[in-house]
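Please read along with the model on screen.

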Amino acid sequence: MHDVAIIGGGPGGYAAALYAHNFGLSVALIEKERVGGTCLIRGCIPAKTWLQSAHVFSVVKKAGEFGVVASEPTVDWQIALARKNKVVNGLVNGLSGLLKARGVDVVEGYGSLKDGGVEVTATDLSVTQIEAANVILATGSVPRSIPGYPIDGERIVSSDHALDWESQPGRVAIIGGGVIGCEFASLLGDFGSEVHVFEALDQLLPGTDPDAVKSLDRALRKKKVKVSTSTKVGAPEITDSGVTIPYAEKSVEVDVVLVAVGRGPQTGNIGLESTSVVVDRGFVEVDRQTMQTAEPHIYAVGDIVAGTPQLAHAGFAEGIAAITHIATGAAAPVDYNSIPLVTYTDPEVAQVGVTEAQAVEQGRQVEVTSHGMRGVGRAIIQGEVGGIVKIVVEKDGPIIGATVAGPGAGEMIHELMYTVAWEALPSEAAAYIHAHPTVSEAIGETLLSASGRSLH
Ligand code: NAD
């Protein structure tokens with residue numbers, strides 16, 4: 001009998017398994033593939049590795065501007081793909097080793113709820129029953145598609161396939177201008193593919209501050225990416241030469257279509273029907289104080305949880321919260337309001353807390369202060385002046401949200417994460433000195449302006 005059985009070895013599941021050692025809990029982690037989940041195997045890690053190759057390519061392309069004479073770079077897709085695989089495999093192996101070192105019993109096979117425990121079906125179809133006092137569901141998500149665009153892995157693909165393309169696609173249509181759509185548009189645009197993005201809503205990265213999105217729009221235009229917002233595509237025609245996509249009384253022919261319209265929960269076949277766990281369109285309802293489902297000994301974490309962000313780091317935090325409750329009986333809820341969201345495009349776009357639009361929607365009175373990167377010494381030195389810092393402050397109150405677009409935004413957002421989490425007043429945060437010259441000085445300048453004084 002284990003203290004905890006966890007179904008799913010992605011960020012939510014493996015974080016729970018690793019964290020359990022702090023309390024001496026015995027854990028069985030059931031995984032049907034390698035451990036690592038979407039994040040390590042077909043999500044964050046491989047995508048950011050491709051983005052890094054694209055970044056290096058674009059830096060070398062403009063090396064001449066910096067007085068560095070290099071011949072015109074070319075892309076060796078196979079080397080970039082091999083590097084991506086090496087990074088992924090290294091991290092998966094490292095994680096396997098760490099789980100072993102922590103005494104986690106990793107069980108290979110397909111897990112589903114049965115008789116209060118978990119039934120595991122191995123690849124040879126042998127079945128074993130794992131008894132556990134508590135179960136954590138962490139089965140993750142899979143890409144969705146839209147009607148008329150069945151994913152075939154060849155002409156119409158999801159990010160799962162795009163991360164393993166054997167060669168660089170010449171012409172690509174991306175349906176969905178959310179996080180995945182924008183990251184692929186950025187990297188494929190850098191590599192010189194012809195890219196068309198179709199977004200149904202009126203801006204890329206819906207929900208993100210529109211001025212930050214403008215910085216991204218401009219950068220994508222420079223990469224010759226064609227963006228159509230407020231645009232829905234019609235049914236595609238697949239021919240020998242490619243795929244023709246009708247849109248807005250026009251059409252475009254591409255070699256491949258990447259569908260990036262969101263991800264759906266993988267909860268269809270894990271025995272939930274035999275429990276009283278509440279499921280809404282596949283997402284599992286939990287008590288956000290503890291991550292318990294309607295069955296107190298069954299917890300859920302990660303992408304399958306209803307109403308919480310589908311982010312690896314949210315999954316980590318939820319896994320920790322579930323284990324803490326199992327071990328101590330005390331609630332240690334995740335602070336969803338201060339979880340940063342980073343889109344790893346060039347430039348990166350990062351946000352924390354609420355945007356101005358969300359604050360207004362909530363009926364809050366706010367003051368918004370922004371500062372462009374154009375005058376920031378370090379950004380000029382780096383040749384990366386497209387970007388902005390924006391801070392949302394409750395009237396006569398604390399900082400409640402921030403957005404950063406620009407070089408290193410994904411790193412810089414964390415100082416604003418603390419200001420939001422700790423409900424800092426702009427004047428309190430502005431009292432601290434940023435090193436010069438750094439890109440982060442843009443945050444210092446914005447905080448100073450938000451506190452009623454400004455320097456540059
Ligand atoms: P998403 O929800 O971020 O974006 C989907 C986009 O598709 C939306 O902008 C939506 O308006 C658009 N869309 C939906 N139907 C459409 C249609 N018929 N035509 C045109 N556009 C349409 O989803 P995603 O980009 O697929 O990412 C899935 C999940 O993975 C997200 O929750 C995301 O947060 C997560 N993710 C995070 C990161 C990161 O943190 N850097 C990276 C990749 C994925």
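Before anything else, a note on burial: I call a residue buried under 20% relative accessible area, exposed over 50%, and partly exposed in between, with a 1.4 Å probe and protein chains only. This is a predicted model, so I kept local features to pLDDT of at least 70 and side-chain atom pairs to pLDDT 80 or more, while totals for chains, interfaces and linings use all residues. Residues are numbered from 1 along each chain as its sequence is written, and side-chain values use heavy atoms, with hydrogens and water left out.

**Entry: domains**

I began with the division of the chain. There is a domain 1 (2–142 + 264–336), a domain 2 (156–259) and a domain 3 (347–450); the bounds come from an automatic or database domain assignment. I then looked at how domain 1 and domain 3 sit, and their C-alpha centres are 31 Å apart. Their contact draws on 4 residues from domain 1 and 5 residues from domain 3, where contact means heavy atoms within 4.5 Å.

**Entry: salt bridges**

How many salt bridges does the structure hold? I find 15, taking a salt bridge as a side-chain nitrogen of Lys or Arg within 4 Å of a carboxyl oxygen of Asp or Glu. As a reminder to myself, side chains of opposite charge can pair when their charged atoms come close.

I looked up D164 and K84 and found them joined by a salt bridge, with 2.7 Å between the closest N and O atoms. This pair links distant parts of the chain, 80 residues apart: D164 is in the loop between helix 5 (159–162) and strand 10 (171–175), and K84 is in helix 4 (residues 77–101). For elements I use DSSP runs numbered from the N terminus, helices being H or I with at least four residues and strands E with at least two. Buried or exposed, what is K84? K84 is buried, at a relative accessible area of 3%, whereas D164 is partly exposed at 39%.

Next I checked K223 and D190, whose side chains meet in a salt bridge at 2.9 Å, N to O. They too link distant parts of the chain, 33 residues apart, with K223 in the loop between helix 7 (210–222) and strand 12 (226–228) and D190 in helix 6 (residues 179–191). K223 counts as buried at 12% relative accessibility, and D190 counts as buried at 8%.

R364 is in the loop between helix 9 (356–361) and strand 23 (366–372), E394 is in strand 24 (residues 388–394), and the pair links distant parts of the chain 30 residues apart. R364 is partly exposed at 28% relative accessibility, and E394 is partly exposed at 23%. I also noted one network, in which salt bridges that share partners join D209, D211, K214 and K390.

I searched on a 1 Å grid over the protein atoms alone: a cavity is a set of points where a 1.4 Å probe fits but cannot get out, a pocket is an open set with protein on both sides within 12 Å along at least five of seven lines, and lining residues have an atom within 4 Å of a point. Grid points are joined across faces, edges and corners, and a volume is the space filled by probe spheres set on the points.

I count 1 cavity of 30 Å³ or more, and the largest cavity has a volume of about 50 Å³. Its lining includes P143, R144, S159, I180 and R263. By class that lining has 5 nonpolar, 3 polar and 2 charged residues; Ala, Val, Leu, Ile, Met, Phe, Trp, Tyr, Cys and Pro count as nonpolar, Asp, Glu, Lys and Arg as charged, and the others, Gly among them, as polar.

I followed up S159, which lies in helix 5 and counts as buried at 5% relative accessibility. Not counting residues up to four places away in sequence, S159 touches I180, F184, L258, V259 and R263.

**Entry: second largest pocket**

The second largest pocket has a volume of about 750 Å³. Of its 26 lining residues, K62, A219, K222, K223 and D346 are the closest to its centre. Helix 3 (44–61), helix 6 and helix 7 are the elements that give two or more residues to the lining. That lining has 6 nonpolar, 9 polar and 11 charged residues.
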